[in-house]
2 protein chains.
Amino acid sequence: MRTCRGIASLRRALAACAGKQVGLVPTMGFLHEGHLSLVRACRRECDVTVVSIFVNPAQFGPSEDLRRYPRDERRDSALLRQEQVDVLFVPGENEMYPSPYRTWVDVTGLDSKLCGRSRPGHFRGVATVVLKLLHLMRPQRAYFGQKDAQQALLIRQLVRDLNLPVTLRILPIVRDSDGLALSSRNVLLSARERRAALALPRCLRRASGLVEAGETNARALRAAMAAEIAREPLLTIDYIAIVRLDDLEDAAEIAAGNTLVAAAVRVGRTRLIDNFIPGGMSC
Amino acid sequence: MRTCRGIASLRRALAACAGKQVGLVPTMGFLHEGHLSLVRACRRECDVTVVSIFVNPAQFGPSEDLRRYPRDERRDSALLRQEQVDVLFVPGENEMYPSPYRTWVDVTGLDSKLCGRSRPGHFRGVATVVLKLLHLMRPQRAYFGQKDAQQALLIRQLVRDLNLPVTLRILPIVRDSDGLALSSRNVLLSARERRAALALPRCLRRASGLVEAGETNARALRAAMAAEIAREPLLTIDYIAIVRLDDLEDAAEIAAGNTLVAAAVRVGRTRLIDNFIPGGMSC
């Protein structure tokens with residue numbers, strides 16, 4: 001595995017891969033099995049696997065957890081070497097946003113809903129850094145997790161709108177044995193918070209069970225989900241949303257393959273998200 | 001010359017050019033010698049010359065001259081065939097902005113000054129369409145005229161910020177025999193307006209003469225330029241600006257190679273721009 005800290009060194013590493021199918025797995029590091037499932041898919045489907053680790057300051061608001069965000073480059077690097085990743089890109093902030101940095105990408109409409117409501121500017125940061133990484137690596141395929149469903153939908157729209165020649169692969173949520181969706185932020189939870197957090201996947205399982213049993217009414221589903229969260233006093237609801245995949249507007253009914261059921265909660269200082277897409281999502 | 005009206009047909013035309021150096025000349029059509037100077041440079045420097053003609057609605061404000069903007073595809077097409085252009089891309093609006101279109105690019109700071117002040121949203125439209133064209137053609141080189149200096153500077157910043165693998169070529173302003181900078185909008189002028197418009201290049205020649213004679217004070221230069229325009233009652237000044245190339249902030253003194261001297265005026269319903277860069281501009 002070749003580790004590149006600068007853009008010049010990355011370009012040299014990629015020049016050696018000319019003519020090969022390149023796959024990109026962009027991450028913020030502190031890797032877990034969710035990330036590794038993306039890396040393994042990339043390894044199966046592409047000739048060259050490039051992973052980036054960059055805790056992108058542009059996607060954190062001033063009151064958010066940029067400084068608290070967990071980091072462990074040594075462990076990450078060892079994990080990726082084990083997975084036989086070809087190139088690891090670990091740029092510094094000045095490499096990605098050299099001063100004066102001025103250019104930002106907005107995916108309007110999709111960026112202000114759900115997580116965008118409590119994280120203004122977040123998706124501008126995400127869209128911009130992903131576009132930069134796509135320009136730097138020029139991959140044929142790029143891999144994202146469905147855990148960040150809104151991010152995936154927004155990048156799908158960005159790729160379509162900007163005519164980017166890349167195939168997106170959105171892979172399923174990976175969960176811990178207790179059901180909690182894997183997230184680098186889970187390590188920030190105390191044992192008590194962690195137990196409380198399980199109400200989040202429980203509320204999604206409840207909704208999923210009701211949908212399987214034939215319930216399609218969004219209001220009824222949201223009520224059942226909210227009740228599940230309300231039983232856990234350590235959690236506060238940020239949002240419970242049943243929305244159309246293409247515009248993230250409220251759906252009155254579940255439409256298989258075009259509805260996102262998503263929730264975000266706060267546990268202490270940590271914010272957690274989870275979701276499912278009845279009928280699955282295509283790119 | 002192969003004419004492509006759709007993205008699919010463009011991709012097929014470009015697939016046949018794999019491995020060759022591609023140059024892009026993006027235009028809004030109604031071509032003049034300024035455009036053709038870009039086409040000729042592209043032909044000299046690249047294996048494949050791609051010209052786009054798209055009157056980009058996103059860069060016109062609601063009160064601007066989108067509908068009045070001159071068009072003549074047949075004449076343009078004949079001129080480009082004469083120049084032995086390889087590919088002409090003439091997309092429709094739905095091809096470039098299929099509904100729902102959501103993604104926009106802002107080059108903050110550079111987009112709100114000079115022309116951006118009287119044309120809010122203009123540079124967002126420019127940045128977005130240029131980025132889309134760069135993704136579609138993946139050229140090694142892209143050609144722009146210095147007549148639209150702010151546009152050129154903004155695209156230079158966009159290319160740097162977004163790590164786009166393209167070399168920009170900014171070529172000199174081409175003028176008519178009477179000194180007026182060539183512009184597709186010149187055809188909109190009446191004979192009387194056209195004569196009046198000559199005060200614009202005159203004011204820039206006056207500034208250029210003063211700079212050559214050793215004047216470096218921006219205030220003195222702006223005053224001389226304004227006086228030149230004021231002598232022509234049909235013109236109103238939109239702006240007279242002496243600014244730094246890198247951030248478009250007011251410069252107190254001319255610094256060779258890092259100062260833009262620019263003016264915009266209105267003649268009747270038509271807005272005209274012109275500029276010079278003491279010491280020239282590098283990309």
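The centres of domain 1 and domain 2 of chain A, taken over C-alpha atoms, are separated by 26 Å in this predicted model. Domain 1 covers residues 2–171 and domain 2 covers residues 184–274; such bounds come from an automatic or database domain assignment. Residues are numbered from 1 along each chain as its sequence is written, and chains are lettered from A in the order in which they are written. Because the model is predicted, local features need pLDDT of at least 70 and side-chain atom pairs count only at pLDDT 80 or more, while totals for chains, interfaces and linings use all residues.

The contact between the domains takes 15 residues from domain 1 of chain A and 13 residues from domain 2 of chain A. Two residues are in contact if their C-beta atoms, placed from the backbone, lie within 7 Å. On the domain 1 side, α5 (115–118) and α7 of chain A are the elements that give two or more residues. Helices (H or I, at least four residues) and strands (E, at least two) are DSSP runs, numbered from the N terminus. By class, this side of domain 1 has eight nonpolar, four polar and three charged residues. Ala, Val, Leu, Ile, Met, Phe, Trp, Tyr, Cys and Pro count as nonpolar; Asp, Glu, Lys and Arg count as charged; the others, Gly among them, count as polar.

Between the chains, 24 residues of chain A are in contact with 24 residues of chain B. β5 (103–107), α6 (122–137) and α7 (149–161) of chain A each supply at least two residues of the chain A side. β5(A) gives the most, with five residues. The chain A side has 13 nonpolar, six polar and five charged residues. Five bridges join β5(A) to β5 (residues 103–107) of chain B, and the two strands run antiparallel; strands pair if DSSP finds at least two bridges between them. Trp104(A) stands opposite Asp106(B) in β5(B).

Chain A superposes on chain B by a rotation of 180° with 0.0 Å of shift along the axis (RMSD 0.0 Å). That is the relation of a two-fold axis. The same surface serves both copies, as 100% of the contact residues of chain A recur in chain B. Superposition is by least squares on the C-alpha atoms of residues with pLDDT of at least 70 in both copies. Of the residues of chain A, Val105(A) comes closest to the rotation axis, at 2.3 Å (C-alpha).

In chain B, Gln140(B) is found in the loop between α6 (122–137) and β6 (141–145). Gln140(B) counts as partly exposed because it has 17 C-beta neighbours inside 10 Å; 20 or more would be buried, and 12 or fewer exposed.
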